[in-house]
Amino acid sequence: MEKALSEQRALTDTLKNTTVSRDDLIKEVAKRKQTEYMLMVQIRQVQAFYSLAEIIEREGISLHEFYQELCDILPKSWQYPEIACARIVIGESEFRTKNFIETEWMQSATVKVNGSPTGRIDIGYLEQKPNLDEGPFLREERMLLEAITERLGRVIERRQLEESIKGSELRYRRFFEASRDGILILDVDTGTVVNVNQFMIEMMGFSREQFLGKKIWELGFLNDVIANRDNFEELKRKKYITYENLPLETATGQKIEVEFVSNVYDVGNKKVIQCNIRNITVRRRMEIEKEKYTKELAEKNMELERFTYTVSHDLKSPLVTIKTFLGYLEQDTLTGDTRRIEKDKLFMNNAADKMAKLLAELLEMCRVGRIVNQPVEVSFSELVQETLGIIAGPVAEKGVTVKVSDEPVTLYGDRSRLIEIWQNLLENAVKFMGDQPAPQIDIGVEYKDNQTVFFVCDNGIGIEPKYYSKLFNLFEKLNPKMEGTGMGLAIAKRIVELYQGRIWVESKGLRQGTCFFFTLPSAVKDNGKGE
Amino acid sequence: MKGEPIIILVVEDDPAHAEIIRRNFEASRLANRLLAVEDGQAALDYLNREGKYNDADKFPMPNLILLDLRLPLVDGLDVLKIIKSDQKLTIIPVVILTTSADEADMVKAYEHHANSFLVKPVDFTQFSKLMETFGYYWVAWNQYPHEG
């Protein structure tokens with residue numbers, strides 16, 4: 001009985017204990033429910049992040065579409081999705097869920113891009129709900145909102161960076177294609193052309209296919225810079241090379257001059273070589289022309305200076321004579337010295353004549369350089385025959401034999417100017433025959449170094465080589481007793497130079513005769529050689 | 001030297017100007033002897049006693065040279081250069097007497113050790129005065145070393 005009683009007690013105790021356990025059980029259940037609820041909240045939050053990641057990764061989605069979609073999924077992650085609304089404000093733009101209104105029950109977070117506030121996310125409830133950690137919102141919801149806001153800031157940062165890279169890529173592409181430099185992009189390891197721009201294609205006259213995939217040293221036209229693999233390795237080693245005035249030949253055989261610059265630089269973790277090739281043919285031609293003109297101008301200037309000097313000296317000289325002998329004439333008239341009077345008058349007269357002659361020839365000199373008659377076609381023999389007609393008198397008087405070699409040369413120029421060259425040379429030859437018993441003049445044409453060279457040779461008194469350089473100077477007379485002003489050869493030289501030619505003299509010395517040679521490059525139309 | 005005439009070599013291509021110089025010296029009645037050549041080459045031949053100038057009595061060494069600048073064959077400045085770089089000729093004073101008053105010519109002449117630079121005046125009285133002063137200075141007053 002006692003045993004049964006004690007068993008009864010034990011059972012009662014157990015039952016008592018069991019009763020306590022039931023309360024605990026209820027608590028336990030509530031706790032579990034709470035945990036399950038929190039788990040559900042967390043699942044929703046994870047889902048929110050998952051959706052966010054999914055939207056970001058979606059190809060071709062714009063930032064605006066992204067904001068709107070994000071806005072639409074946000075309420076689903078809050079405790080009461082059916083009464084939740086959301087709004088995203090970025091700069092001037094605003095994105096809302098359809099049901100969005102501003103209510104008393106809202107929470108917000110600031111979107112920061114590169115550290116500065118750019119916008120915000122607002123989440124709200126449309127109805128009142130019991131107060132929790134932050135109004136009706138959970139602590140976890142605040143954390144979620146902050147996390148999403150931060151993520152959004154990152155997304156915007158990345159997108160902006162991508163846009164700017166895309167923009168600069170586009171700019172580079174436009175620059176590359178629109179550049180007025182030819183550009184080749186080479187693979188640094190192989191030297192293969194990986195890209196070529198339109199201008200390069202047009203400049204060299206090769207097709208894109210003829211460039212792409214070729215090694216740079218296989219292109220051929222750059223052989224002066226990179227003729228083989230070794231040159232390419234050197235270019236790589238130097239990193240930067242530049243060549244000015246590099247001659248190239250295009251596909252059509254046209255010769256152009258270029259400036260070549262090559263640079264090695266990094267693209268990501270790969271190196272490329274960019275070669276810029278600028279066509280400077282026109283610039284170079286203009287530079288060369290400018291140099292030529294500058295030189296010509298300097299020469300003309302010097303000639304003018306020499307001319308002024310000569311004129312001032314040589315015209316002043318007879319003036320000194322006239323003025324001084326006028327003084328003597330006055331004195332001699334007073335003393336009645338008739339012999340001296342005659343002498344004075346003679347000196348004055350000669351000086352005045354000399355002056356008149358100088359002035360006439362000066363005018364002639366100016367005319368030679370200035371007036372250009374209509375150019376005509378005329379043969380060499382025609383010119384010579386006409387000249388011989390003009391100087392027939394003096395030639396006959398001195399009994400000079402003239403030999404003309406008949407060459408089929410045709411000239412194109414100012415007929416009377418051209419005649420003046422031969423006329424001056426022939427007059428000169430006749431004048432300086434000296435006491436030659438069998439005076440002879442040879443007129444002809446010879447071909448030297450691809451040039452048509454005209455000559456007038458005589459067997460007269462000759463000239464010593466040391467006087468050659470003075471010969472063509474204005475008013476230069478080697479023999480002061482000879483008539484003339486020393487202008488003939490200066491005029492001949494001037495006309496020759498009008499036709500881009502050169503005139504020179506050769507003589508074996510005194511009494512050995514003289515040969516004048518000259519070229520007329522811009523007047524010779526046909527040299528009879530078909531050249 | 002005393003009492004002996006000063007020998008002047010006139011290098012002048014214009015016969016009229018040579019005549020003017022001759023007349024002025026005649027008028028000055030100074031003891032001198034004028035010798036004239038007409039171009040630069042002749043002047044050098046004379047001074048080197050070459051060719052037809054090899055007769056020392058007929059063509060004595062001058063005490064003074066009166067040199068024009070614009071000369072046929074060899075230019076006055078070249079003649080001056082040669083004289084002044086020749087050890088035995090350099091002591092002979094060279095007076096430039098020229099038509100042009102070109103600054104560059106003048107500078108070059110002095111650079112090549114010309115002893116004086118004169119410009120021919122375009123006036124009878126002035127020219128006469130110049131020659132008179134020249135005569136007094138270079139013939140009457142100036143002292144010359146004894147010949148060699």
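Start with A:C515. It counts as buried, at 18% relative accessibility. Bear in mind that this is a predicted model.

What does A:C515 pair with? It forms a disulfide with A:C457. Their sulfur atoms sit 1.7 Å apart. The pair links distant parts of the chain, 58 residues apart. A:C457 lies in strand 14 of chain A, residues 451-458. A:C515 lies in strand 16 of chain A, residues 514-519.

Now the partner's surroundings. A:C457 is buried too, with a relative accessible area of 13%.

Which hand does the disulfide have? The torsion about the S-S bond of A:C457 and A:C515 is about 110 degrees, so the disulfide is right-handed.

How many disulfides are there over all chains? The count is one.

Take A:C85 next. The cut-off for a disulfide is 2.5 Å. A:C85 is buried, with a relative accessible area of 0%. A:C275 is also buried, and its relative accessible area is 0%.

Switch to chain B, helix 4, residues 103-111. Look at the start of this helix. A side-chain oxygen of B:D102 reaches to within 3.3 Å of the backbone nitrogen of B:A104.

Then the other end. What follows helix 4 of chain B? B:H113 does, and its phi is positive, near 65 degrees.

That's my tour. Over to you.

Terms used
Residues are numbered from 1 along each chain as its sequence is written. Chains are lettered from A and ligands numbered from 1 in the order in which they are written. This is a predicted model: local features need pLDDT of at least 70, side-chain atom pairs count only at pLDDT 80 or more; totals for chains, interfaces and linings use all residues. Side-chain values use heavy atoms; hydrogens and water are left out. Helices (H or I, at least four residues) and strands (E, at least two) are DSSP runs, numbered from the N terminus. Buried means under 20% relative accessible area, exposed over 50%, partly exposed in between (1.4 Å probe, protein chains only). A polar contact is a pair of N or O atoms within 3.5 Å; within protein, one must be able to donate a hydrogen and the other to accept it, and residues adjacent in sequence count only if both atoms are side-chain atoms.
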